[in-house]
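Have the viewer open while you read.

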Amino acid sequence: MRMSKKAMALALMAAFSMSACNGDGDVEGDPGAAPGDPGAEQPAPGGQQEMDPEMMGLMQEMQEIEQRLAPIQEEAMQNPELTAQLEELQDRIEQAMRDEDADLMDEMADLEERFMDAQADGDEERAQEIGMEAQQIGMQFQALQEAALEDPEIAAAVEEFEQAQRQAMIEIDPEAGELLDRMDEIMDQLQGVH
């Protein structure tokens with residue numbers, strides 16, 4: 001079965017980020033946010049003006065699809081079994097990442113805590129500075145995350161979760177299946193552009 005690991009990771013991490021943000025929904029506009037990434041709202045590295053029009057069009061289409069899927073995904077995640085499955089998977093991914101690089105995980109957790117404190121205090125400038133710090137280690141964090149997702153046991157668990165989530169979303173809205181398929185196609189095209 002030819003599935004986009006990136007698309008799986010995006011769906012998983014979107015849910016992961018929503019739980020990390022205590023369900024406030026702020027991450028819905030940023031599908032590629034790393035879990036709890038304080039710098040999640042920064043533009044893509046290199047700036048969007050360097051992207052070719054085809055790639056920008058695909059990314060915009062993917063964002064529109066994700067916006068349509070977000071409420072369906074949110075409703076699907078009200079299912080206690082699915083929520084428990086996701087929490088177990090998050091714990092496994094986080095543990096695998098911690099086993100590989102505990103210092104980086106601690107640094108990201110510290111940045112996240114400082115970021116949330118700055119937001120709670122209404123200190124936008126400090127929050128922005130912390131976001132820039134997070135951006136600097138973001139590539140390392142993403143690489144660590146991708147390595148964890150490539151572990152065969154975790155990859156199998158991700159696929160199992162994705163299938164369960166997909167089925168739950170289709171039960172809520174049959175059109176979700178087509179939208180998820182299109183998202184996979186777009187991810188494949190974007191990977192081909194690189």
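What follows looks at one helix pair and then at a few salt bridges.

## What you're looking at

First things first: this is a predicted model.

## How H4 and H5 pack

Two packed helices are described by the angle between their axes and the distance between the axes. Take helix H4, residues 102-120, and helix H5, residues 124-150: they pack at an angle of about 155°, and their axes sit 10 Å apart. Angles over 145 degrees count as roughly antiparallel, so that's the label H4 and H5 get relative to each other. As for handedness, the crossing of H4 and H5 is left-handed.

Which residues do the touching? On the H4 side, the list runs Leu-104, Met-105, Glu-107, Met-108, Leu-111, Arg-114, Phe-115, Asp-117, Ala-118 and Gln-119. They meet Arg-126, Ala-127, Ile-130, Glu-133, Ala-134, Ile-137, Gln-140, Phe-141 and Leu-144 in H5. Sorted by class, this contact has twelve nonpolar, two polar and five charged residues.

Side chains of opposite charge can pair when their charged atoms come close. How many salt bridges does a search of the whole structure find? The count is ten.

One of them joins Arg-68 and Glu-175, with 2.5 Å between the closest N and O atoms. Arg-68 belongs to helix H2 (residues 53-76), while Glu-175 sits in the loop between helix H6 (152-172) and helix H7 (176-193), so this pair ties together parts that are 107 residues apart in sequence.

Next up is Asp-106, whose side chain meets that of Arg-98 in a salt bridge at 2.8 Å, N to O. Asp-106 counts as partly exposed at 42% relative accessibility, and Arg-98 also counts as partly exposed, at 27%.

Then there's Asp-121 with Arg-126, a salt bridge at 3.0 Å, N to O. Asp-121 is exposed, with a relative accessible area of 58%, whereas Arg-126 counts as partly exposed at 29%. Arg-126 has already come up here, as one of the H5 residues that meet H4. Elsewhere, salt bridges with shared partners link Glu-61, Arg-182 and Glu-185 into one network.

Definitions and conventions: Residues numbered from 1 in each chain as written. Predicted model: local features only at pLDDT ≥ 70, side-chain atom pairs only at ≥ 80, totals over all residues. Heavy atoms only, no water. Axes fitted to C-alpha atoms, helices over the stretch in contact; angles between N-to-C directions. Helix = DSSP H or I, 4+ residues; strand = E, 2+ residues; numbered from the N terminus. Parallel < 35°, antiparallel > 145°, perpendicular 65-115°, else oblique. Left-handed = near helix turned anticlockwise from the far one by under 90°. Contact = heavy atoms within 4.5 Å. Nonpolar A, V, L, I, M, F, W, Y, C, P; charged D, E, K, R; others polar. Salt bridge = Lys/Arg side-chain N within 4 Å of Asp/Glu carboxyl O. Buried < 20%, exposed > 50% of the residue type's maximum accessible area, 1.4 Å probe, protein only.
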